[in-house]
Amino acid sequence: MVQLYALAVVVALTGFTIAAYRAWGWRARRASSGAALPAREKPYVLYFTGPDCTICKTHQEPALQRLTGVEVDKVDAIERADLAEMLHVYTVPTTVVVGTDGKPLAVNYGYAPAEKLRRQLDEAVQLRPATLAG
């Protein structure tokens with residue numbers, strides 16, 4: 001019984017460590033990688049999915065549909081493995097909020113509610129350079 005409890009603790013700590021690394025590591029890589037996508041007038045969302053992703057169809061896509069007035073580019077993570085690798089996409093669904101300059105500003109591994117994405121998009125608008133603000 002004690003061994004089972006210890007194993008559960010190790011598994012939980014490992015999962016937490018991986019999640020923390022991904023969250024922290026993304027920010028560090030984003031700042032240093034210089035990955036840039038096409039610039040646009042408004043921030044947009046890259047939505048990485050796959051043909052067998054149930055969470056994508058049942059949760060993420062309805063959340064994205066609630067984001068009225070937002071451009072969402074749906075990307076098959078397998079077909080566009082080069083783009084997924086460039087942006088460090090390891091799981092689907094993954095959503096990436098991209099700023100007007102084409103630089104990734106936020107990444108969400110797993111399901112991201114519409115409210116969270118809306119906050120990230122609003123922050124991206126606030127970061128918009130004054131010369132582009134209209």
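Predicted model: local features only at pLDDT ≥ 70, side-chain atom pairs only at ≥ 80, totals over all residues.
## The disulfide

The structure holds one disulfide, and the two residues that form this link are Cys53 and Cys56, whose sulfur atoms lie 2.1 Å apart. A disulfide is a covalent bond between the sulfur atoms of two cysteines. The link of Cys53 and Cys56 is right-handed, with 80° about the S-S bond, and both Cys53 and Cys56 are buried.

## Thr94 in strand β3

Strand β3 covers residues 94-98, and Thr94 lies within this strand. The relative accessible area of Thr94 is 0%, so this residue counts as buried, the cut-off for that term being under 20%.

Leaving aside residues up to four places away in sequence, Thr94 touches Leu46, Tyr47, Phe48, Val89, Val107, Asn108, Tyr109 and Gly110. Within its own stretch of the chain, a polar atom of the Thr94 side chain lies 2.4 Å from the backbone oxygen of Thr91.

## The loop between α3 and β3

Helix α3 spans residues 81-86, and Pro93 is placed in the loop between this helix and β3. The peptide bond that joins Val92 and Pro93 is cis, with omega at about 0°.

His88 also has its place in the loop between α3 and β3. Although His88 is not a glycine, its phi is positive, at about 60°. His88 counts as buried because its relative accessibility is 17%, and the term applies under 20%.

Technical notes. Residues numbered from 1 in each chain as written. Heavy atoms only, no water. Disulfide = S-S within 2.5 Å. Buried < 20%, exposed > 50% of the residue type's maximum accessible area, 1.4 Å probe, protein only. Helix = DSSP H or I, 4+ residues; strand = E, 2+ residues; numbered from the N terminus. Polar contact = N/O pair within 3.5 Å; in protein donor to acceptor, adjacent residues only side chain to side chain. Contact = heavy atoms within 4.5 Å.
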